[in-house]
Amino acid sequence: MNIQIKMAIIAILIVIPLTSVFVYTTNTNQLFTNNDNSKLKVISSFNPLHEFSQIVGQEKIDATLLVPVGVEPHDWEPTIKDVQQMQKSDLIVINGIGFENWVDDLTENDYQGTIVNTSKGIVIIKSIHDENDSHESGDPHIWLNPIYAKKQVENIALAFSNTDPENREFYMINAAKYSEELHELDLKIRNELSACSKDFIAFHDAFSYFADEYDLNQHTIVQTTDSHGEVTAKTLENVISKARTLNIKVIFSEETVNTKTSQIIANEIGGKVLVLSPLEIVSDDNYISKMTQNLENLKEALC
C-alpha cells in the first residue's frame, strides 16, 4: 500500500464520519446493511473463515465476507471503503501466516477491535520456495487440512466468547458440533486414501498440510504457495518427466486458473485433468462438500 493511500485512509478515519456500508452476505450475491448493534460485527478475510464464523456465531453475529466474488485472496488489497468497514467491526477473522498482507496497515491505523489469527497453535510449514514466496512466514494453506480447520474453528469460538462472554456456551456448542463434522470428514479422507498411491501433481503448492496429514506426496506445476508462479518450458518438461516416472495419469488444476498448462502435461502423458480446489474462491458449496469433491478427485487419481 503506497503512502498516498495510507494518508487518505488516515484522513478518512479521522475526519469523515463512518457511514453504513453495504456488505456481502453468505452467498455474496445479495447485499445488506448492518444496523443491528446487538450482534457482534464480524468480518472474515476469505470464504472458509467466513463459513466457519457463521457456523460458530449463527444469529448472534453479523457476518461479512471481505474479499469479493471471484477475487483470489492472494491478490486482494483493501480499498478505503473496505478499511472504513473494517474499522466498524468488533472482530476481523484472518488466516494468518502472511496470507492477509494488509493486516499490518490496519493495526498501524489504530484498529480498536480484535484481530482473530486462526493459525494460533498450528505448526507452520516453511515453504521450500521461500526465496520466491510472498508468504514470508511460511505456507498459509492450513484450512485444507481438516484437523487444522478444527483448530481454526476453535480459535474463532474462543475469540467470540472472549468478546461476548454472555453467549460463550452458544459459541462453544456450535463449534463442538461442527468440529465433529470435521472429524468425520477427516476419518473419511483417512480411510478412503489409506490404500491408494501416494504421489499427486497439484497446480500450486497448496496441499502441503493435507499431504502431510494423509501421508501423501505433493508435487506441483507452479513452484510457489500462490498460483501465479512462472511456468516455463523447462518446468513443463520436468513435470512431464516426473509424471512418467511416478506413473501419474491425472494432472490437477484449479477453478481460477487456465487449464491449458495442466492439459498440455496431461496430453503428453496420456492422462487427464481434474480439479483440486484450494477453496479460496466463493462458491455455492460449503467447506465439507468441497473437500469431499477434492477427495473424490484424489481417489480417481490415486486409487
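**Helix packing, a buried serine and nonpolar cores**

In this predicted model, Ser253 is in contact with Phe203, Asn258, Thr259, Ser262, Val273, Leu274, Val275 and Leu276, when its neighbours within four places in sequence are left aside. Ser253 lies in strand 9, which spans residues 250-253, and, because its relative accessibility is 1% and the limit for a buried residue is under 20%, Ser253 counts as buried.

The largest nonpolar core comprises 47 residues, and those with the most contacts inside it are Phe160, Phe200, Phe210 and Tyr287. Helix 6 supplies the largest share of this core, with 7 residues. A second core of 14 residues is separate and includes Ile201, Ile221, Val239 and Ile248. With residues up to four places away in sequence not counted, Tyr287 touches Glu51, Phe52, Trp143, Leu144, Asn145, Pro146, Ala149, Tyr178, Leu182, Leu185 and Leu279.

Two packed helices are described by the angle and the distance between their axes. For helix 6 (residues 168-193) and helix 10 (residues 287-302), the axes come within 11 Å and cross at roughly 0°; angles under 35 degrees count as roughly parallel, and helix 6 is therefore roughly parallel to helix 10. On the side of helix 6, the contact is made by Tyr178, Glu181, Leu182, Leu185, Lys188, Ile189, Glu192 and Leu193, while helix 10 contributes Tyr287, Ile288, Met291, Thr292, Leu295, Glu296, Leu298 and Lys299. The residues of this contact between helix 6 and helix 10 divide into 10 nonpolar, 1 polar and 5 charged.

Note on methods: Residues numbered from 1 in each chain as written. Predicted model: local features only at pLDDT ≥ 70, side-chain atom pairs only at ≥ 80, totals over all residues. Heavy atoms only, no water. Axes fitted to C-alpha atoms, helices over the stretch in contact; angles between N-to-C directions. Helix = DSSP H or I, 4+ residues; strand = E, 2+ residues; numbered from the N terminus. Parallel < 35°, antiparallel > 145°, perpendicular 65-115°, else oblique. Contact = heavy atoms within 4.5 Å. Nonpolar A, V, L, I, M, F, W, Y, C, P; charged D, E, K, R; others polar. Buried < 20%, exposed > 50% of the residue type's maximum accessible area, 1.4 Å probe, protein only. Core = buried A, V, L, I, M, F, W, Y, C linked by side-chain atoms within 4.5 Å.
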